[in-house]
Amino acid sequence: MAADELGAVLRRRPDALGAPPPEDLVQLAARLTARTGVDEVVARLPLPAVQVLEALGGGPDPVPLPELADRLGVAADDPALDATLQVLLQRALVWPSEDDTALFTTAQLPAPSGHDAFEPVPPAPSLRPADRTEVRDAAVQAATLLLERLPVLLDAAAARPLSRQRSGEVAVRERRRLAFTTGLDEPTVALLADLAVAARLLGPDGVRFVPTLAYDEWADRAAADRLARLLTQWWSGEPLRQVVVRALHELPPDTAVADVESLAPLVRWTAPLQTRALDDLGSVVAGIVDEATLLGVCAAGALSPLGRALADGRGVAEVAARLLPAGPPADTLHVRGVGSVIVSEDTDLLDSLVADGTLAALKLRRVAPTVAGSALSPVDTLAALRAAGYRPARDAGPGPVRLHRARVDHARRPPARATVDPGELAARLLVPTQRTPDPLELIRQRAPQLRADQAQLLATAVEDGSPVWIRYVDAQGRASERVIDNAHLSGSTIDAWCRLRRDDRAFTLDKIVAVAPARV
């Protein structure tokens, strides 16, 4: 395997690139065949790839290609089977035997219970035309409404903390109460509450949920940044959300699903293992599309620019900044929440407090010459000041009016994966073991359509720079005859001087259909 081919495999298998990166091919092979990583990749495979793995059975013995094709009910040279095998080879989920006549796999999938036909072509949902301007405007309206609704819910939680279930979610009775007090329907309240918890805007304080300090920070940010945080959290939640959004992303341009439930067969084809246990997949897909519509990810059965940014892995904040309207200018009145205030006639002392890096957790702000506001409660502020070496005194008078605030953010972020470059790692791993093949060997590998004498003639031209005649078919199927000089191999192409074009040209090896000596 060449370095570029191994690099392509590693780009599709980031689970094998964790820190520290593998030191040799033995370590890399162990990671590529580790059960956890294999299961993670297999879970995202489409139906034909899963069908091939099920037919292979995951046993220790290789399965001959004709037998595999027979199990799937297709011919051994079926193009769809070959394309599916390429998908699996590119993810190191199957590999050929030494004589290239059979296949191994480490994926442990049970044999199929029925005899479903091999299904390489995805089903098509019912479609209708969609106006992209209308989709965009509806999505912007939904996103704007989302940014207005969420603070209403969180302010209600600040005034009256929400009961927390053992599962870590907001209690059902609290959702009903919020639906009544805010005028929102229960599904919307449930989605907003889950989003607030996932984005750590709503956090646990004992057995209750209260707004966190992160909520104040979030509320101070631009609308595009606030929306991006919510959409990113929604996207990284239930895995089926990504499947549904990507299915919508694959629809033809300017089309929408006429019946949302007709998207279910395509979703099942795209992620068969994730959907296998779902009996009523149509209603599940419809529920996800409803969520996406509330968030502005899609509208009227079509993906919005925000949804396309999620599916493409582009910056959602940048897209949102172009879409969302500019807010009205603020009045001269400013409202700022504080947990407590620190009062001192010694303004220099207050200056030192605000500048003290050890008190960063207090988020101190000067609100008057002799007053600094702290984000934490009086008890926590006193403790932090004393721990930093100051000697504050508790005001004996009535304390300030305070909103409930969660003190600790209990959410734990998953460990970041290594950022090693797959191509560089592949080149390094192959250096000790890779033998540089001669031109003839490479040409036979990359241009199997050439006869043995033609491959030898082309290899000779590469080795000594002599002119050679070729017939070449470009990507549009147009054939031309060329005489090339000073040819040299560069991966899957030959770079050479073309006498016809009087310039350097690159010729893809698998598009050279004939070779002959050049006429002098």
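Helices, in the sense used here, are DSSP runs of H or I with at least four residues, numbered from the N terminus. The structure is a predicted model.

**Exercise 1.** Determine which helices each supply at least two residues of the lining of the second largest pocket, and characterise that lining.

*Solution.* 
Step 1. The space in the second largest pocket amounts to about 930 Å³.
Step 2. Its lining comprises 32 residues, and Arg44, Leu45, Val243, Arg246 and Thr270 are the closest to the centre.
Step 3. The helices that each supply at least two lining residues are H3 (35-42), H12 (239-249) and H13 (264-270).
Step 4. Among the contributors, H12 gives the most, with 6 residues.
Step 5. Sorted by class, the lining of the second largest pocket holds 18 nonpolar, 6 polar and 8 charged residues.

**Exercise 2.** Describe the largest pocket by its volume, its lining and the elements that supply the lining.

*Solution.* 
Step 1. The volume of the largest pocket is about 1,900 Å³.
Step 2. Its lining is made up of 50 residues; Met1, Ala2, Glu5, Leu89 and Pro96 lie nearest the centre.
Step 3. By class, 26 residues of the lining of the largest pocket are nonpolar, 13 are polar and 11 are charged.

Technical notes
Residues are numbered from 1 along each chain as its sequence is written. This is a predicted model: local features need pLDDT of at least 70, side-chain atom pairs count only at pLDDT 80 or more; totals for chains, interfaces and linings use all residues. Side-chain values use heavy atoms; hydrogens and water are left out. On a 1 Å grid over the protein atoms alone, a cavity is a set of points where a 1.4 Å probe fits but cannot get out, and a pocket is an open set with protein on both sides within 12 Å along at least five of seven lines; lining residues have an atom within 4 Å of a point. Grid points are joined across faces, edges and corners, and a volume is the space filled by probe spheres set on the points. Ala, Val, Leu, Ile, Met, Phe, Trp, Tyr, Cys and Pro count as nonpolar, Asp, Glu, Lys and Arg as charged, and the others, Gly among them, as polar.
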